Amino acid sequence: MITVDFSRLTVEPGSRVLDIGCGSGRHTCEAYRLKEIQVTGADLNPRDLIEARGRLEYHDQLGEHGGGTWSLSAADVTRLPFADESFDLVICSEVLEHIPDHGKAMGEIVRVLKPGKPLVVSVPRWLPERICWALSDEYFNANQGHVRIYCKKDLIRRLERTGTRFLDHHYAHSIHAPYWWLKCLVGPTRTDSAAVNLYHRLLTWDIMQKPWITRFIDRLLNPVLGKSLVLYFRKF
């Protein structure tokens, strides 16, 4: 499930890309497809890093990459182990909503980015997230814990204070929003709900097969129901 629209980004061959909070490596692998990119996936969860490594090695086996290199790092977004101005692109997707000291995290992701280069940040969108919180008292503690809900204007303002300029935004994953509402309704940690499991099978089919009908519905509904807010910035 790719949240970032890479077609909106200009990434030159030889660029260094950081995917902070990479999880299982979805955006790390997608960046690895770009021509001659040096991509680093970073996360605090060892299990996620192991899964990301497996996915990257699978891309190597199939030759599904742009001829670049990849690496993985165990890293805390509030204390990144990278030098100032190290990267040509930083991706921080669905991370900040988990971080208590999000101001420090924002400062770090901008610190390691080179001037004039793009930053992409995605977070859960305000309305779909608010519905999840309203439906379940457990939700914000599930899925590794969500400690806040972002308003678009406030998040843009906070990130611009760190030395970036807002460029553009879009919404993503509208067909995922009802799935999370349904999970919250029955209990976000339950695994025995037939309705939730059936919807999950639909989403898995969509991710794996990429049928035109679900992609069309997703694009059509994203402006209204898109679960993720995706913001694009450039560092001064």
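This is a predicted model: local features need pLDDT of at least 70, side-chain atom pairs count only at pLDDT 80 or more; totals for chains, interfaces and linings use all residues.

Trainee: How many residues line the second largest pocket, and which lie nearest its centre?

Mentor: The lining is made up of 16 residues, and those nearest the centre of the second largest pocket are Arg8, Leu9, Thr10, Pro118 and Arg234. Two or more lining residues come from each of strand 5 (118–124), strand 6 (164–172) and strand 7 (228–235).

Trainee: Which strand gives the most to that lining?

Mentor: Strand 7 does, with 3 residues.

Trainee: And what volume does the second largest pocket have?

Mentor: Its volume is about 190 Å³.

Trainee: Switching to the strands, then. Do strand 1 and strand 2 run parallel or antiparallel?

Mentor: Strand 1 (residues 16–20) and strand 2 run parallel, and 5 bridges join them. If you want a pair to look for on the screen, Arg16 has Gln38 of strand 2 as its bridge partner.

Trainee: What do these two strands make together with helix 1?

Mentor: Strand 1, helix 1 (residues 26–32) and strand 2 form a β-α-β unit, and that unit is right-handed.

Trainee: What about the pairing of strand 2 with strand 3, and how many bridges does it have?

Mentor: Strand 3 (residues 69–74) pairs with strand 2 in the parallel sense, over 6 bridges. Within that pairing, Gly41 has Leu72 of strand 3 as its bridge partner. Strand 2 and strand 3 also make a right-handed β-α-β unit with helix 2 (residues 46–62).

Trainee: New topic: how many salt bridges does the structure hold?

Mentor: It holds 13 salt bridges. One of them joins Glu129 to Lys227, with the closest N and O atoms 3.7 Å apart. That pair links distant parts of the chain, since Glu129 sits in helix 4 (residues 126–135) and Lys227 in the loop between helix 8 (212–225) and strand 7, 98 residues apart.

Trainee: Are Glu129 and Lys227 buried or exposed?

Mentor: Glu129 is buried, at a relative accessible area of 1%, and Lys227 is also buried, at 10%. Both values count as buried because the cut-off is under 20% relative accessible area.

Trainee: And what about Arg79, which residue does it form a salt bridge with?

Mentor: Arg79 forms one with Asp76, and the closest N and O atoms are 3.4 Å apart. Here Arg79 is exposed, with a relative accessible area of 57%, whereas Asp76 is buried, with a value of 19%.

Trainee: What distance separates N and O in the salt bridge of Asp206 and Arg215?

Mentor: The side chains of Asp206 and Arg215 meet at 3.2 Å, N to O. Asp206 counts as buried, at 5% relative accessibility, while Arg215 counts as partly exposed, at 28%. Elsewhere, salt bridges that share partners join Asp5, Arg8 and Asp168 into one network.

Methods. Residues are numbered from 1 along each chain as its sequence is written. Side-chain values use heavy atoms; hydrogens and water are left out. Two strands pair if DSSP finds at least two bridges between them. Helices (H or I, at least four residues) and strands (E, at least two) are DSSP runs, numbered from the N terminus. A crossover is right-handed if, with the strands pointing away from the viewer, the path from the first strand over the helix to the second runs clockwise. On a 1 Å grid over the protein atoms alone, a cavity is a set of points where a 1.4 Å probe fits but cannot get out, and a pocket is an open set with protein on both sides within 12 Å along at least five of seven lines; lining residues have an atom within 4 Å of a point. Grid points are joined across faces, edges and corners, and a volume is the space filled by probe spheres set on the points. A salt bridge is a side-chain nitrogen of Lys or Arg within 4 Å of a carboxyl oxygen of Asp or Glu. Buried means under 20% relative accessible area, exposed over 50%, partly exposed in between (1.4 Å probe, protein chains only).
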